[in-house]
Amino acid sequence: MNGFSYLLKKDLKMMLSGKFFLLAFLSLVLYSAYINLVYVRLEQGRYPVYVCDPNSRTAANLAYISKAESRRELEKACADRTSVGIDFTAEKSEIYMLSSGSEKTDHYREIWGKAVLTGIENTKTKTVGLYDKEEKSRREITAEFLFFELSAVGFLGLASILFKEKQMGVIRVHGILPVRKSVFILSKLCVFLFSDLLFTALLTGINVGVSDSFMILPAALLQAGILSLIMALIGLICAALLPDFKQFSLFYLVLAVFITTPVFLAGQTGISWKWLRYHPMHHLFTAMKSAYFGASAASVLYYVVCLGAIVLLFCGAVGALRREAAREG
Amino acid sequence: MRRLKYQLKNIRRDKLCLLTFLLPIVVGALIRALPALNFQAMNEISFGSVQGDLSEEMSRWLQDSGNLTEYENVKELKAAVNDPATQLIGVLRAGNGLRVFLSGDEFEMYRTIGETLPQLYEKRADRAVFSKKVIPASEDFDGMKSLLIVITLVTAMFMGCTFNSMNMIGEKEDGVSLVNQILPMDARTYIFQKLALGCIGGIASTLATAFLCVRILPRQMAFLFLLVTLSAYFASLIGLLIGHFSSGMMAGIGCIKIIMILFLAPPIVFYLLTPADSLAYRLSYLFPSSAAFYGLMGLLNGQGEKWLLHLGILFAHAVFLTIVSKKAIFAS
């Protein structure tokens, strides 16, 4: 037990000297700034309708209508490919618009423009969701950033420490020390798990709001813990097997681009591909997201599979480390 | 020149650099191969209904304006409307009209569409006489696609900084840079060579990607080349600074990650959100990637009138960073 606490202390020191916490803190600041200053303010307004009507042939003060003084102004306003222009200057009134590239959308814009002219009222519509737009965007983007940070960056952190130790010959020394390989791995996992959970709590607290965080965090921390353990173990195995950090970062690039991108695309746009359900990261991502939306997400099967994966990866990591120690003599 | 050749030969063995070089090209090829339809569907309105609920006329009317998906029962429809990733509008039948429900987290556009949809349906027979003038989108205009292409190109340009920074950090770790200090090569030559390395890599990668996925007119060629050269030079300077000041591979990768986010996110956000004559949009020129981004976007949309402004801003950025980095490197 004494040995374990020394190992923990050493790993923490290594993380400090590798500027790991500084980088994590910078990421935290960057993500939070992006969420609060940009993402929350994203809005897609309704299709603007511009009317050029110098002779007042229509009712002047209808809802949803903006005025254009001349045909030229009308054309300028419509250049954004979303606005609908209606021109009453000539004998025959004309709908003027630039195609958005989609026939269906153009059709909708046309009937929208016409309907607005005949007067439209804003009616209340039944809503079935629990969150308004801002709450939703905050939860959504926080879950996504967290997923990215844990899966791509956590993976890199543990590996960079192991490579440093390899360089310094620590693994060789461990080969003759009476410390078990599993304890060696366990201490690293603990340190990273702790820092990832802290990161999760901070990111959620800052961006979702403290009071909502208390509702979210139990579920979110569980998912973050699972993800953190799995990614750290994969990172450890790769770092033990690959000879140098450069090859490792190559692998990291492939992982970051090809493994997380489809998951993100599906999460952001709602496109669903059939093969996505064979993508293990997709399930981790879905579980993380539903934790933030308070949905009873994952089945028992999911947790069983996760636990199995963690145990398997742990055994794999012990094996890989043993092999590495044997090779180093 | 012979030394530069050696540098290029050296970098060729570096798999990481090779991969960052090829990555944008592969992505460019993928974007080109993707059918345009895929992207368009994302911009269209999506409606959801329950099987057998809507009359045929209603379904047809909805399908004229967007994409209609049918669900087995109301519960599934509700779940789909509630899914935070979608902007789906749930439509049910109410006698001869429509009834709509939303999840409440939609963008204003979709909320308005949902709230006014029943009225629009009632007015469908309203035949006010209008003539119609729709200016078609240029043949290969696809807003979403050009955005993706420009993002890829800007990434390729600023990836230039990985070539030389990774190379320099690698040399530092292997001890080559210590050997360099006792060789009769002065710092100026060394810096020049590393700068050229990033610049050549960035330019080659971007141009290859551009030729793969953009149809360039001959008269635009000079503008594109200048834009790419200036941005690649800028990125290469950044790479030089990262390589010079970061102590290890890990710190280098962390820096590159932050730089890439800083360079890519602002222009996309400002381009999408702020009108071109607002103050915020003008302030966004403080990011060097903005000028490159807007310039390329204009090139793709066929509005090339501001090209001189974009080149000028990029040039000013490049000059400014040259002076700053010269001071910083020689001071340390």
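The model is predicted; local features need pLDDT of at least 70, side-chain atom pairs count only at pLDDT 80 or more, and totals for chains, interfaces and linings use all residues. Residues are numbered from 1 along each chain as its sequence is written, while chains are lettered from A and ligands numbered from 1 in the order in which they are written.

Chain A holds 11 helices and 5 strands. Helices (H or I, at least four residues) and strands (E, at least two) are DSSP runs, numbered from the N terminus. The radius of gyration of chain A is 28 Å, well over the 20 Å that the globule rule gives for 329 residues, so chain A is more spread out than a compact globule. This radius is taken over C-alpha atoms, and the rule is 2.2 Å times the number of residues to the power 0.38. The C-alpha atoms of chain A fill a box of roughly 95 × 40 × 35 Å along the principal axes.

Chain A is divided into domain 1 (2–36 + 135–328) and domain 2 (49–117). These bounds come from an automatic or database domain assignment. The C-alpha centres of the two domains lie 52 Å apart.

Of the 329 residues of chain A, 36% count as buried. A residue is buried if 20 or more other C-beta atoms, placed from the backbone, lie within 10 Å of its own. A nonpolar core is a set of buried Ala, Val, Leu, Ile, Met, Phe, Trp, Tyr and Cys residues joined through C-beta atoms within 7 Å. The largest such core has 112 residues, of which A:A159, A:L236, A:M288 and B:M157 touch the most other members. Helix 8 (residues 210–241) of chain A gives the largest share of this core, 17 residues. Apart from it lies another core, of 37 residues, including A:C52 and B:L120.

The contact between the chains takes 59 residues from chain A and 60 residues from chain B. Two residues are in contact if their C-beta atoms, placed from the backbone, lie within 7 Å. On the side of chain A that touches chain B, the largest share, 10 residues, comes from helix 9 of chain A.

In chain B, the axes of helix 2 (residues 15–33) and helix 9 (residues 187–213) come within 8 Å and cross at roughly 10°. Axes are lines fitted to C-alpha atoms, for helices over the stretch in contact, and angles run from 0 to 180 degrees between N-to-C directions. Angles under 35 degrees count as roughly parallel. Helix 2 of chain B and helix 9 of chain B are therefore roughly parallel to each other.

Technical notes:
A residue is buried if 20 or more other C-beta atoms lie within 10 Å of its own, exposed if 12 or fewer, and partly exposed in between; C-beta atoms are placed from the backbone. Angles under 35 degrees count as roughly parallel, over 145 as roughly antiparallel, 65 to 115 as roughly perpendicular and the rest as oblique.
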